[in-house]
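Biologist: I'm new to reading protein models. Could you walk me through some features, one at a time?

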Amino acid sequence: MGLENEDDLKRSSGSSAPQIDVDAQTPVLRISQLDALELDSSLEQLVWTQFSQCFHNCRPGLLTPLEPELKALLHLLVWRFTLYSSSATVGQSLLSLRYHNSLSPAPRYTPLSGRQKLGLALLTAVPRWLRERSRSLPLCLSSGGPVFERGGGLLRNCLTLVSSIAQLASLINFLVFLRKGRHPALGERIVGARAVFSKPDVARDVTYQYMNRELLWHGFAEFLCFLLPLINTRKLKAAVFSVIPGGDGADGAAGATQGPGVWKECGLCGEWPTMPHAVGCQHVFCYYCIKSHSIADAYLTCPRCGAEAGRPEPVKVEAEAQVEMEMIGRLS
């Protein structure tokens, strides 16, 4: 009753202000409705990130036991100051949209009632809470004894069935939305909330050029994240330097002609080789360097000459004492 009375007061107070007559039958683009949902989801994630940072210096895992409940409360808090106040979410406000009561017989715009707003908030927050809480709730019941274990198994099956039915209903609703262009979320269809324009002939605050640029950039970034681990950068680097005159490949070949007496650095880390090992070519490596790289890359090649790396074999640097004396002399 309190929600309806407050909503009626807002309607009566807003009736004195000049209203813009907008045809509620004007169709809204599907991409605009989906963009509004994505913007709302990004806002909720941002609010949760800022909230969790307030407990950054506290004990790790402090919010984990109550994370589903806290997310639901933050969602209701955002709903109170956005959808309940203006019949539009933050994403819809950026795209000049708002909710229209499709259950009203009036042809003009009719705002949502208090019950519709509350129902939309509960139908959005409760399924998310059940989906996150259903993973830990049966485990808590099963740890209480045989009776609770049987109850936990039954509850787990019920939650799985309810979740499957809800996901199937959401899928069917989304297919209907793609066909008719109304109600992208199942909760909107249940309570009778439909997105309409808030202003006639208005341009989007978030332009299509910006959205296309963001989509292309995110797609390109995901493609790079998938492609880069498949590229053998060490082998590619060795092939490039073997072609470039004066590169590491040429220097490695020159060092190879002088014999193992001048091996002064690891072919991977560039430092004095600790427990020197060779892999079949004329270069030497630290044992830990070549072992870790061979474990990470089954087709490891020498980064200096590009030769295929074999089994690491220990070698002895003959000029070790002489080189150390030369380094001490340079430092002194």
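This is a predicted model: local features need pLDDT of at least 70, side-chain atom pairs count only at pLDDT 80 or more; totals for chains, interfaces and linings use all residues.

Biologist: Let's start with charges. How many salt bridges does a search of the whole structure find?

Modeller: The general idea comes first: side chains of opposite charge can pair when their charged atoms come close. Here, searching the whole structure turns up two salt bridges. One joins the side chains of glutamate 44 and arginine 128, at 2.5 Å from N to O.

Biologist: Where do glutamate 44 and arginine 128 lie?

Modeller: Glutamate 44 sits in helix 2 (residues 30-53) and arginine 128 in helix 6 (residues 114-133), so the pair ties together parts that are 84 residues apart in sequence. As for cover, glutamate 44 is partly exposed at 22% relative accessibility, and arginine 128 is partly exposed too, at 35%.

Biologist: And the salt bridge of lysine 71 and glutamate 67?

Modeller: Those side chains meet at 3.2 Å, N to O. Both residues belong to helix 3 (residues 67-81), and because they are four residues apart there, about one helical turn separates them. Lysine 71 has a relative accessible area of 29%, so it counts as partly exposed. Glutamate 67, at 26%, is partly exposed as well.

Biologist: Now rings. How many aromatic pairs does the search find?

Modeller: Six aromatic pairs in the whole structure. Take phenylalanine 174 and phenylalanine 177: their centres are 5.9 Å apart and their planes are at 40°, so the pair is tilted. Both lie in helix 8, three residues apart, which is about one turn of the helix.

Biologist: Is phenylalanine 177 buried or exposed?

Modeller: Phenylalanine 177 is buried, because its relative accessibility is 0%. Another tilted pair is tryptophan 217 with phenylalanine 220, 6.4 Å centre to centre and 40° between the planes. They are three residues apart in helix 10, so about one helical turn lies between them. Tryptophan 217 is exposed at 53%, while phenylalanine 220 is partly exposed at 43%. Rings can also group: Trp48, Phe51 and Phe55 form one aromatic cluster.

Biologist: What about surface patches? Which residues make the nonpolar one?

Modeller: The nonpolar patch, about 780 Å², is built from Trp217, Phe220, Phe223, Leu224, Leu228, Ile231, Leu236 and Val240. Helix 10 (208-227) and helix 11 (233-243) are the elements that give two or more residues to it. Helix 10 supplies the largest share, four residues. Leucine 228 is in the loop between helix 10 and helix 11, and with a relative accessible area of 52% it is exposed.

Biologist: Which residues gather in the patch of positive charge?

Modeller: That surface patch brings together Arg30, Arg179, Lys180, Arg182 and Arg189. Arginine 182 belongs to the loop between helix 8 (146-180) and helix 9 (186-191). With a relative accessible area of 38%, arginine 182 is partly exposed.

Biologist: One more, please: where is cysteine 289?

Modeller: Cysteine 289 is in helix 13 (residues 287-296). It counts as buried, because its relative accessible area is 17% and the cut-off is under 20%. From C-alpha to C-alpha, cysteine 289 is 9.8 Å from proline 276, and the two are 13 residues apart in sequence.

Notes
Residues are numbered from 1 along each chain as its sequence is written. Side-chain values use heavy atoms; hydrogens and water are left out. Patches are made of residues with over 30% relative accessible area and no salt bridge: like charges are joined within 9 Å, nonpolar side chains (Val, Leu, Ile, Met, Phe, Trp, Tyr) within 5 Å. Accessible areas come from the Shrake-Rupley method with a 1.4 Å probe; for residues, only the protein chains shown count as cover. A salt bridge is a side-chain nitrogen of Lys or Arg within 4 Å of a carboxyl oxygen of Asp or Glu. Lys and Arg count as positive and Asp and Glu as negative; His and the chain ends are not counted. The place of a charge is taken as NZ of Lys, CZ of Arg, CG of Asp or CD of Glu. Buried means under 20% relative accessible area, exposed over 50%, partly exposed in between (1.4 Å probe, protein chains only). Rings of Phe, Tyr and Trp (its six-membered ring) pair if their centres lie within 6.5 Å; planes under 30 degrees apart count as stacked, over 60 as edge-to-face and the rest as tilted.
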